[in-house]
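This briefing goes through one protein chain by topic. Please keep the sequence and the 3D view open while reading.

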Amino acid sequence: RPRRTRSSAPPPPPPAPGPPPPPRQRFAMPVGSYVHLGSVSDATMAARLTLPAEVEDCVFMGDHQLGVAAGNRVLVYDVRHTAKFVRQFTDEGAMKANRLSYHAGVLAVGSTSGTVNTYVGESTKPAKTFMNLSASVDLLVAGDGSAGPSLVMGSSAQANGFRFVNTTTMTVASSFPEVGMKHGMVQCLAFNPVHPVFSVGEASRVVNYAC
């Protein structure tokens, strides 16, 4: 009769892979029609991008991509190893793409004509166009408000020149800033990274808003 054999236990499964290593701390510095890419962690320059027009602004889009505004176009590069061109698109209705902001998968592009286009994911068509400012958009910041991802767009050439946008619903907050809250020429905007607060800086004061 067949002999009974002692079966060995199956080998243990391999350990689950750990989280990927954190991305290197990088910086991007536009100079004329170039963008210099470097690492903060080891103080080295990694690459230099040459653009077809003068660079107005650039923004990291997640861990691996960099968006660059040059002329009326936005160019996207993969910067994981060396800067590799990925795609480009023309910012609809813009004479010149002036400012970029990226948060929670939404790229916002402010133009010299006063419009702000928002692009979701890799779409090259605006999800929403905002025409709430009458002067060139040179202030554009994004962060988290109490109702989710938000955007503040502004112009330093327009009194009371900033508006608050919920980028989940793509709506502008109505009656804001309030009529009784007068602002002069806004010089800077910033989101608090911990609390739902954004700040509006003028020549001689800073006003904080709960958002």
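Strand E8 gives the most to the lining of the largest cavity, with three residues. Strands here are DSSP runs of E with at least two residues, and helices are H or I runs of at least four, both numbered from the N terminus. This is a predicted model, in which local features need pLDDT of at least 70 and side-chain atom pairs count only at pLDDT 80 or more, while totals for chains, interfaces and linings use all residues. Residues are numbered from 1 along each chain as its sequence is written, and side-chain values use heavy atoms, with hydrogens and water left out.

**Cavities**

- A cavity is a set of points, on a 1 Å grid over the protein atoms alone, where a 1.4 Å probe fits but cannot get out; lining residues have an atom within 4 Å of a point.
- Grid points are joined across faces, edges and corners, and a volume is the space filled by probe spheres set on the points.
- By this rule there are two cavities of 30 Å³ or more, and the largest has a volume of about 40 Å³.
- Ser 101, Tyr 102, His 103, Val 106, Ala 108, Ala 142, Ser 150, Leu 151 and Thr 167 line the largest cavity.
- At least two lining residues come from each of strand E8 (97-103), strand E9 (106-111) and strand E13 (148-154).

**Chain overview**

- The chain has 18 strands and zero helices.
- Of its 211 residues, 39% are buried, where buried means under 20% relative accessible area, exposed over 50%, and partly exposed in between (1.4 Å probe, protein chains only).
- Among contacts (heavy atoms within 4.5 Å) between residues at least 6 apart in sequence, 35% join residues at least 24 apart.

**The sheet of E1, E2 and E3**

- Three strands form an open antiparallel sheet in the order E1-E2-E3; two strands pair if DSSP finds at least two bridges between them.
- Strand E1 (26-31) and strand E3 (44-50) are at the edges with a single partner strand each, so one side of each has no neighbour in the sheet.
- From one strand to the next the twist averages 20°, with angles running from 0 to 180 degrees between N-to-C directions of axes, which are lines fitted to C-alpha atoms.
- Six bridges pair E1 with E2 in the antiparallel sense, and Val 31 has Tyr 34 of E2 as its bridge partner.
- The hairpin of E1 and E2 has two residues between the strands, and Gly 32 there takes a positive phi near 60°.
- Strand E2 (residues 34-39) is also joined to E3 by six bridges, again antiparallel; Val 35 stands opposite Leu 49 in E3.

- Five of the five residues of E14 are buried.
- Phe 162, Phe 164 and Asn 166 are buried on one side of E14, and Arg 163 and Val 165 are buried on the other.
- E13 pairs with E14 over five bridges in the antiparallel sense, and Val 152 stands opposite Phe 164.
- E14 pairs with strand E15 (residues 171-172) over two bridges, also antiparallel; the partner of Val 165 in E15 is Val 172.
- Four residues lie between E14 and E15 in their hairpin, where Met 170 in the turn has a positive phi of about 55°.

**Nonpolar cores**

- A nonpolar core is a set of buried Ala, Val, Leu, Ile, Met, Phe, Trp, Tyr and Cys residues joined through side-chain atoms within 4.5 Å.
- The largest core has 14 residues, of which Val 152, Phe 162, Leu 189 and Phe 198 touch the most other members.
- Two or more of its residues come from each of strand E12 (139-145), strand E14 (162-166), strand E16 (188-191), strand E17 (197-201) and strand E18 (206-210).
- Apart from this core lies another of twelve residues, including Leu 51, Val 68, Ala 70 and Val 79.
- Leaving aside neighbours within four places in sequence, the contacts of Phe 198 include Val 152, Phe 162, Phe 164 and Val 207.

**Two single residues**

- Thr 118 lies in strand E10 (residues 116-120) and counts as buried because its relative accessibility is 0%.
- Beyond four places in sequence, the contacts of Thr 118 include Val 106, Ala 108, Leu 151 and Met 170.
- Lys 96 is in the loop between strand E7 (84-90) and E8 and counts as partly exposed because its relative accessibility is 35%.
- Not counting residues up to four places away in sequence, Lys 96 touches Glu 56, Gly 71, Asn 72, Gly 110, Ser 111 and Thr 112.
- The C-alpha atoms of Lys 96 and Val 109 are 9.8 Å apart, with the two residues 13 apart along the chain.

Conventions
1 Å grid on protein atoms, 1.4 Å probe; cavity = no way out; pocket = protein on both sides within 12 Å on 5 of 7 lines; lining within 4 Å.
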